[in-house]
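Subject: Structure for your review

Dear colleague,

My notes on it come after the display.

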Amino acid sequence: MSLIFLKLGGSLITDKHTPSTARPEVIARLAKEIAQARAEIPNLQLVLGHGSGSFGHVAASKYHTRQGVHSAEEWQGFSEVWQQASTLNKLVMQALHTANLPAVAFPASAGALVSDGKVTDWDLSGLKMSLENGLMPVVYGDVVFDTVRGGTILSTEDIFRHLAGELHPAKILLAGIEAGVWADYPACTQLVNTITPQNLEDIVGGVKGSAATDVTGGMRSKVEEMLALIAQHPELEILIFSGQESGAVYRALAGEQIGTRLHGDAI
């Protein structure tokens, strides 16, 4: 079996400049592309993740939820972020089921325990059984309880990093609205084709954060997190690409190299 983690970025499935605004036509198209890939690619196993975009990030920024949750107001904010993230997940799940995908959601808020932003306990037995039985687990950026911070947020990348140690995917595909990693953001004229730990310092000056509200760090954070993950799993290959163009997610799932490829010495 070939296991792939696919993230549909919040910038792709929502309008990140307008609070609580989904892009239902985009979500529906992406669901159809995933369904096509599952139907046509033998032995494909898929863990799907999605960001919270304009749903979770705005409330999280207002209450500084990622930094910690202690006061009554911050706990109210924690609940608000949960509600926003859950609302978007329901929209995504509906689209997946409309496309006849056997999707089952595994919210981190219901199962993960965290210490200072790092997962310390999460029973993944159900998620693993869903894969074994041909289902498609779905995770997403979510609030979690934290023994140090009180509460915090796990991004989809945080979740993928934890799951990678348990499930050992062959690839991680990160679909957003950017064509890949730009060496000269925001001018966006020079796309970086390949990033390794060796050439990161040469390009990192141009890799900035996000143009919209993103409490989990934007592009530079994603690149650094994914290279750290590759350091732990040297055989892993990661693509950062745009899902805006029709068919791009299908092509990435089918093995085409698009966008920016991150890899280690082993590949």
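The notes below take up helix packing, then backbone angles, then a few single residues. Please bear in mind throughout that this is a predicted model.

Helix H4 covers residues 72–98, which makes 27 residues. From its first C-alpha to its last it reaches 39 Å, close to the 39 Å expected at 1.5 Å a residue. Its buried residues are Gly-77, Phe-78, Val-81, Gln-84, Ala-85, Ser-86, Leu-88, Asn-89, Val-92, Met-93, Ala-95 and Leu-96.

Helix H2, residues 24–40, packs against H4 with the axes 8 Å apart and at an angle of about 45 degrees. The two helices are therefore oblique to each other, and H2 passes H4 in a right-handed crossing. On the H2 side the contact is made by Ile-27, Ala-28 and Ala-31, and on the H4 side by Leu-91, Val-92, Ala-95 and Leu-96. Sorted by class, this contact has seven nonpolar residues, no polar ones and no charged ones. Of the H4 residues in the contact, Val-92, Ala-95 and Leu-96 are also among the buried residues of that helix.

Helix H7 and its partner H6

Helix H7 runs over residues 156–167. It has 12 residues and reaches 15 Å from its first C-alpha to its last, close to the 16 Å expected at 1.5 Å a residue. H7 is mostly covered, with nine of its 12 residues buried. These are Thr-156, Glu-157, Asp-158, Ile-159, Phe-160, Arg-161, Leu-163, Ala-164 and Leu-167.

Helix H6, residues 125–132, packs with H7 at an angle of about 65 degrees, and their axes are 12 Å apart. H6 and H7 are therefore roughly perpendicular to each other. The crossing in which H6 passes H7 is right-handed. Leu-127, Lys-128 and Leu-131 of H6 make the contact with Leu-163, Glu-166 and Leu-167 of H7. By class, the residues of this contact divide into four nonpolar, no polar and two charged.

Positive phi angles

Most residues other than glycine have a negative phi. Just after H4, Asn-100 has a positive phi of about 65 degrees. H7 is followed by His-168, whose phi is positive and near 55 degrees. Asn-43 is not a glycine, yet its phi is positive at about 65 degrees; Asn-43 lies in the loop between H2 and S2. His-64, in the loop between H3 and H4, likewise has a positive phi, near 55 degrees.

Individual residues

Ser-52 sits in the loop between strand S2 (44–50) and helix H3 (53–63). Is Ser-52 buried or exposed? Its relative accessibility is 7%, so Ser-52 counts as buried, the cut-off being under 20%. Not counting residues up to four places away in sequence, Ser-52 touches Gly-10, Thr-14, His-57, Ala-85, Leu-88 and Gly-141.

Glu-178 is found in the loop between strand S9 (171–176) and strand S10 (181–182). With a relative accessible area of 24%, Glu-178 is partly exposed. Glu-178 and Ser-242 are 64 residues apart in sequence, while their C-alpha atoms are 5.0 Å apart in space. Leaving aside neighbours within four places in sequence, Glu-178 is in contact with Tyr-185, Cys-188, Met-219, Phe-241 and Ser-242.

Glu-256 lies in the loop between helix H10 (248–253) and strand S14 (260–262). At 36% relative accessibility, Glu-256 counts as partly exposed. Residues up to four places away in sequence aside, Glu-256 touches Leu-239 and Arg-251. From Glu-256 to Leu-239 there are 17 residues in sequence and 9.9 Å in space, C-alpha to C-alpha.

Ala-228 has its place in helix H9, residues 218–232, and is partly exposed with a relative accessible area of 40%. The C-alpha atoms of Ala-228 and Pro-42 are separated by 30 Å, and the two residues are 186 residues apart along the chain.

With kind regards

Technical notes: Residues numbered from 1 in each chain as written. Predicted model: local features only at pLDDT ≥ 70, side-chain atom pairs only at ≥ 80, totals over all residues. Heavy atoms only, no water. Helix = DSSP H or I, 4+ residues; strand = E, 2+ residues; numbered from the N terminus. Expected span 1.5 Å × (residues − 1). Buried < 20%, exposed > 50% of the residue type's maximum accessible area, 1.4 Å probe, protein only. Axes fitted to C-alpha atoms, helices over the stretch in contact; angles between N-to-C directions. Parallel < 35°, antiparallel > 145°, perpendicular 65-115°, else oblique. Left-handed = near helix turned anticlockwise from the far one by under 90°. Contact = heavy atoms within 4.5 Å. Nonpolar A, V, L, I, M, F, W, Y, C, P; charged D, E, K, R; others polar.
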